[in-house]
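Please open the model in a viewer and keep the residue selection panel at hand.

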Amino acid sequence: MKRDIQHLLNPALQNIATYKVEGGQHAEIKLNQNESPFDVPMWLKEEIIGEFVKESWNRYPDILPYRGMQAYADFLGISPDSVMMSNGSNEMLYTIFLACLGPGRKVLIPDPSFSLYEKIARLLQSQIVTVPMLANLDFDTEAILRVARDEAVDFIVISTPNNPTGKSLTFEEVRLIAQSSDAIVLVDEAYIEFSRQRSILELIDELPNLVVLRTMSKALALAGIRIGFAIASPVLMAEIAKPKIPFASSRLAEITLAKVLANYSLVTDSVSYILHERDKLYEALLSLDGVEPFLSDTNFLIIRVGDADALFQSLRSEGILVRNVSGYHLMENCLRFNVGLVDENQRLIDKLRLL
Ligand SMILES: Cc1ncc(COP(=O)(O)O)c(C=O)c1O
């Protein structure tokens, strides 16, 4: 029976798994999905809902969310033709991969990196060329440049700062990779607001093969509303947006985005808080026996411990949910957790101190 169904399906399904979040999505102290610990304040939610009720819910939204795209283009100070909004940046990843990959195409992915890249590439039956990070989890820029050239890859996807390592390429390294390759280079800047490095966004007109991906799920605290963006030169954007699902962003997402951008000090304040807490956490982790923290350029930290599986379970039983990233290449016995509120971070440190 199983075989009968299987031969009717995309053969690539045998090489991919359903997306899962180990440990679930609920906990007293939830630090496992790199979210913001700050919800949108109630006064702003009420303002957003006040706008939303004036909309026609029986009517489709625009084919593409033009109002949201205009709002983000204005915020960035670029042309709306360079911007595409999606239902979370995950949707945009599918769109861009569909536009660039397929059987016979080669994609370069640093390893470890965001798991969805490999999943979509496999689904599209493309050839994946991985470039391992260095042992300290830093990017191996020389290897990326060399492999991109030697393997003549068609597509390069880089998360910088990178999930799950927390490390970044410099602005100049990203520029060099995009400049020296004929491939389409997708730079996922999901964590850029927390980075010491400058965004590569300013080079979209200079580099016709560059696409930048952004999400509103991290620094902008809108993971539940599902908003992502791609930014590229208008010529490239017109092509990579062709596979886009029509009507994928709701009216609520467009209104929420505009309102949060209009109150951006909420974002800069929470980013400052998170960065301050990240530095405090890192220092506290350094002082713990049996814990090796890695310097992070994101809103999360990676630690290496003696037994990550046991620690994951023990934290879970205390109501603290982190991500066990031990299964990733080079990340044996590593756990990942995002920066939370002061008290949450303190409880985590207290628990780790008892190791
Ligand atoms: C590197 C990276 N890109 C993209 C995403 C997806 O974000 P969303 O679909 O919420 O915009 C994530 C989420 O964790 C991520 O870590």
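Does A152 count as buried or exposed? A152 counts as exposed, because 12 C-beta neighbours lie inside 10 Å; a residue is exposed with 12 or fewer other C-beta atoms within 10 Å of its own, buried with 20 or more, and partly exposed in between, the C-beta atoms being placed from the backbone.

Before continuing, note that this is a predicted model, in which local features need pLDDT of at least 70, side-chain atom pairs count only at pLDDT 80 or more, and totals for chains, interfaces and linings use all residues. Residues are numbered from 1 along each chain as its sequence is written.

**Backbone selections**

Remain at A152, in the loop between α6 (141–150) and β5. Helices (H or I, at least four residues) and strands (E, at least two) are DSSP runs, numbered from the N terminus. A152 has a positive phi of about 45° although it is not a glycine.

Select A221 next, in the loop between β7 (210–215) and β8 (228–232). A221 also is not a glycine, and its phi is positive, about 60°. A221 is buried, with 20 other C-beta atoms within 10 Å.

Then display two peptide bonds. D111 and P112 are joined by a cis peptide bond with omega of about 5°, and P112 belongs to the loop between β3 (106–111) and α5. Another cis peptide bond joins T160 and P161, with omega of about -5°; P161 is in the loop between β5 (155–159) and α7 (171–179).

**The pair α4 and α5**

Select residues 89–100 and 115–123. These are helices α4 and α5, whose axes come within 10 Å and cross at roughly 40°. The axes are lines fitted to C-alpha atoms, for helices over the stretch in contact, and angles run from 0 to 180 degrees between N-to-C directions. On the α4 side the contact is made by N90, L93, Y94 and F97, and on the α5 side by L116, I120 and A121; two residues are in contact if their C-beta atoms, placed from the backbone, lie within 7 Å.

Keep N90 of helix α4 selected. N90 counts as partly exposed, with 18 C-beta neighbours inside 10 Å. Leaving aside neighbours within four places in sequence, N90 is in contact with L116 and G228.

**The domains and the core**

Colour the chain by its domain assignment, which gives domain 1 (27–37 + 265–353) and domain 2 (42–262); such bounds come from an automatic or database domain assignment. The C-alpha centres of the two domains lie 25 Å apart. Their contact takes 22 residues from domain 1 and 24 residues from domain 2.

Now show the largest nonpolar core, which has 90 residues. A nonpolar core is a set of buried Ala, Val, Leu, Ile, Met, Phe, Trp, Tyr and Cys residues joined through C-beta atoms within 7 Å. Its largest share, five residues, comes from α4. Domain 1 and domain 2 both give residues to this core, so it lies between them.

Which residues have the most contacts inside the core? They are I156, V211 and A230. Centre on I156: leaving aside neighbours within four places in sequence, its contacts are L108, A148, I177, S181, A183, V185 and L186.

**A last selection**

Finish at W57, in the loop between α2 (42–52) and α3 (66–76). W57 counts as exposed, with 10 C-beta neighbours inside 10 Å. W57 and S250 are 193 residues apart in sequence, yet 9.7 Å apart in space, C-alpha to C-alpha.
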